[in-house]
Amino acid sequence: MGEFDAAGDLVTGALIGRAVDHGRDDTHGAQGGICLNCGTVLVGPHCHQCGQAGHVHRTIGAIWHEILHGVVHFEGKLWNTLPLLAFRPGELTRRYIHGERAHFVSPMAMFLFSVFTMFAVMQIMGISPPPEVGGSSQFRAGLETGWTESALQNARAKRAALNAGEPRAVALDREIARLSGELAELRSKPMAGGAAAKPVVRTGWPRLDKGIAKAEQNPGLALYKLQTNSYKFSWALIPLSIPFVWLLFAWHRRFHGYDHAVFVTYSLAFMSLLFIAVMIGGAVGVPGNLIAAVATFVPPVHIFFQMKGAYRQRGWKALVRTAILLVFITFIVTLFGLLLLGLGLLG
């Protein structure tokens with residue numbers, strides 16, 4: 001028996017070695033029905049032992065496929081996930097919680113992809129504060145000048161669409177004259193330089209007080225740090241949000257922390273994608289009123305339908321919980337802002 005086993009092992013080893021050797025020269029993957037990864041005899045398109053596909057690609061296109069697969073499992077999962085996330089978020093959340101995982105991008109992968117894309121779009125579009133803008137007085141003066149310029153441009157655009165002599169046109173002419181005077185006055189004022197005044201807030205913590213002083217001297221740099229930290233610590237929104245969602249269902253034993261985590265993570269992913277759409281819409285000239293309406297009404301409507309579908313709630317119950325959650329969101333955003341502020345001042 002020992003000699004028979006040894007001979008069997010020798011034959012098996014030879015088959016595996018032949019499969020691997022052939023695999024080096026052939027882009028079609030396993031040879032002779034042998035898995036190129038572990039040597040198991042294949043009984044289907046994938047190895048039942050290690051899970052590797054029997055058909056192995058060795059092309060440049062395969063590299064791009066692996067990149068996309070590594071980011072969000074692009075091979076069908078994203079296209080299964082996005083429509084449900086946008087239009088039937090409750091169904092997506094419920095199906096994922098109940099174990100239907102192979103068809104969808106996981107909540108965390110979807111969240112990381114959306115956040116990464118959002119900040120990439122912000123950088124491409126130049127939506128970021130400059131790291132150096134001088135002291136607080138210069139910063140405030142710059143903001144005031146920018147606001148006045150924007151108001152003047154809007155007034156001129158509205159006036160261009162009216163005929164002379166109309167009551168609205170006369171009022172806009174006066175407004176344009178006023179804004180032009182203010183802008184000229186702001187531009188004529190010299191920007192105050194030098195060191196900024198000492199910060200009013202004193203905590204007694206030397207490191208924090210030092211951070212406050214730096215923020216006072218260069219608010220633009222402080223805003224830049226806030227934006228950077230908001231990207232690095234955006235994941236903190238998930239643990240900050242879960243307890244508030246749990247409070248909505250604290251007396252329901254059939255809902256668990258995992259359910260709330262999936263709900264929160266998919267919801268945050270959608271909000272990030274919505275923000276991307278709003279930014280792109282503004283860049284391509286979509287009317288501001290339409291963008292404002294979308295940004296105001298879409299988030300609560302989406303939360304309502306996700307709440308209703310994910311937790312199988314009646315309409316009025318989902319509506320009440322959505323209203324309460326919207327109040328909770330103000331606390332969540334405040335906590336997140338304080339976290340980022342603290343990290344920025346201590347960094």
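Biologist: How many disulfides does the structure hold?

Modeller: This is a predicted model, in which local features need pLDDT of at least 70, side-chain atom pairs count only at pLDDT 80 or more, and totals for chains, interfaces and linings use all residues. Residues are numbered from 1 along each chain as its sequence is written, and side-chain values use heavy atoms, with hydrogens and water left out. A disulfide is a pair of cysteine sulfur atoms within 2.5 Å. The number of disulfides in the structure is zero.

Biologist: Which cysteine sulfur is nearest to that of C35, and how far away is it?

Modeller: C35 is in no disulfide. C35 is also buried, with a relative accessible area of 4%; buried means under 20%, exposed over 50%, and partly exposed in between, using a 1.4 Å probe and protein chains only. The nearest cysteine sulfur belongs to C50, at 3.7 Å.

Biologist: And which is nearest for C38?

Modeller: C38 is partly exposed, at 31% relative accessible area. C38 is in no disulfide either, and its nearest cysteine sulfur, 3.6 Å away, is that of C47.

Biologist: Where is G51 found?

Modeller: G51 is partly exposed, at 44% relative accessibility. Its C-alpha atom is 9.4 Å from that of C35, which lies 16 residues away along the chain. Helices are DSSP runs of H or I with at least four residues, strands are runs of E with at least two, and both are numbered from the N terminus. G51 is in the loop between helix 1 (2-25) and helix 2 (60-72).

Biologist: How many helices and strands does the protein have?

Modeller: Read along the sequence, the pattern is α-α-α-α-α-α-α-α-α-α-α-α-α. The count is 13 helices and zero strands.

Biologist: Which residues does L325 contact, leaving aside neighbours within four places in sequence?

Modeller: Contact means heavy atoms within 4.5 Å. By that rule, the partners of L325 are V245, L248, F263, I303 and M307.
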